[in-house]
Amino acid sequence: MPDQSGGESLQALGEILGADGVLTDPAETAPFLTDHRRLYQGRALAVIFPRSVEHVSRVLAFCNERRIGVVPQGGNTGYCGGATPDESGNQVVVSLKRLNRIRSTDPLNYSLVAEAGCILAEVQRAADDAERFFPLSLGSEGTCQIGGNLSTNAGGTSVLRYGMMRDLVLGLEVVLADGRVLSSLTALRKDNTGYDIKSLFLGAEGTLGIITAASIKLFPKVRSSATAFASVPDVRSAVDLLARLRDASGDRVSSFELIPRIAVELTTRHIPGVTDPLAQPYSWYVLCELTSSRAADPLDSLIEEALTTALEDGLVLDAVLARSERDRIALWKLRETIPEAQRLDGASLKHDISIAVSALPRFVERASQWAHENVPDGRLVVYGHVGDGNLHFNLNQAPASERHAFLAREAPLKRAIHDLVREFGGSFSAEHGIGRLKVGELERYASTAELDLMRAVKRAFDPNGVLNPGKVLR
Ligand SMILES: Cc1cc2nc3c(=O)[nH]c(=O)nc-3n(C[C@H](O)[C@H](O)[C@H](O)COP(=O)(O)OP(=O)(O)OC[C@H]3O[C@@H](n4cnc5c(N)ncnc54)[C@H](O)[C@@H]3O)c2cc1C
């Protein structure tokens, strides 16, 4: 039961949003109070569902005045607990799911304006309907929202060619902590008018404002593609193969994913319909895709030739090409369901790191050696967007090992991996952000100057500390 001031707040929120805009029933609020990985279980005064920018503005003005913490939530697929309220029961979760209109598309400007609550797959479809292409692509695209993608600066499988979410934004509409609306939904590719305020909201994980809409970049529609699944002797060969494919294809490689043998075993075991694409097992694989906007681009023969030469040179051991859209979907299903297969197989310890692509082979060697020596009850599941230098350096609990003993290795393992990342000049959070999970890591690895500036920005945007308290910065 909320106390008196909680009751008054609920009443005020009800007046702003209407009765169906405020949820307090524990059975109904439960899915909004825990994160995708079940790392955190929060409580909240209410989960609310604004339908308009004006709603968001009035809610923030009210919460700011009353010093009520506000936790924005998109599709709740984030990996760092950023969208989960704390345990106090005093915060309000603001779900953006009802703010879900595509406001406009401008094919000649190659741009589109979407509200924050649009599901990523719907934005991709809207671009396709306009004979254009929106390249952001993640395993969670059927659930995550564009507002969440903007706020985590999401990456995914096309970063190599198109960049991260930050690179795909032209303008934003954001509600500030005090309820003012920053309306900057421009469709401009050139705009050098002072500080680039919008970029501060990208990757800010809801700590500087609530994004309500975005003007995003579109690209020529993909009309031909070639997808291959190839086994490679080691990570070095994967990196060499990427450089060769970029050269040979006129830089039309849009995805290049590294997959270890264990990921093939886990997905074929746990995910219905996934099969091993090759006849015999190999230690490492890559899934690569070339794309073009030209309908008759001979990408299949191009990739086939490049892989044949790589096979002769020992960079590739075996390969299969997708001969149909069905084949292509099957290959991508193997890649996209690795996290789910990992989850179904038992406990896992995860690290989302990035290193210069050229340094990845040496990093994987050293980090794997440390893990083998120090985590005997773990099995390495190292995969990811190798074309961007981004690996998910994960360990799964070995069969017959004891779950708690395995999980107890988290702290020393994290320290060893992240220290090594620093030694290699890399990042301990490549695409998943900080949220609540990595606040301590940011404090440890960011410089004093960086932290001072981040805290100053936070104070300037949110002087009362009501926006997603405790996330990114303590
Ligand atoms: C199967 C699977 C695969 C994934 N693959 C990838 C991948 O390849 N690359 C990648 O980058 N991520 C990946 N993710 C992580 C996740 O999907 C992304 O981080 C995604 O961008 C989160 O979007 P969301 O709408 O679910 O945001 P949420 O989880 O709801 O929120 C994430 C953060 O953004 C804030 N936020 C949400 N909406 C707003 C808003 N409108 N205004 C201000 N703040 C807001 C929240 O407060 C929170 O801090 C994957 C997740 C899963 C489950």
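Predicted model: local features only at pLDDT ≥ 70, side-chain atom pairs only at ≥ 80, totals over all residues.
Strand β3 covers residues 70-73, and strand β4 covers residues 92-95. The two strands run parallel and are joined by four bridges. Both belong to an open sheet of four strands, arranged in the order β1-β2-β4-β3. The pairing within this sheet is mixed. At its edges lie β1, formed by residues 22-23, and β3, each of which pairs on one side only.

The domain assignment of the protein gives three of them: domain 1 spans residues 102-220, domain 2 spans 224-334 and domain 3 spans 346-432. The centres of domain 2 and domain 3, taken over C-alpha atoms, are separated by 23 Å. The contact between these two domains draws 15 residues from domain 2 and 13 residues from domain 3.

On the side of domain 2 that touches domain 3, the elements giving two or more residues are helix α8 (235-248), strand β13 (253-260) and helix α9 (261-270). Of these, β13 gives the most, with seven residues. As to composition, the residues on this side of domain 2 comprise 11 nonpolar, one polar and three charged.

Definitions and conventions
Residues numbered from 1 in each chain as written. Pairing = 2+ DSSP bridges. Domains from an automatic or database assignment. Contact = placed C-beta atoms within 7 Å. Nonpolar A, V, L, I, M, F, W, Y, C, P; charged D, E, K, R; others polar.
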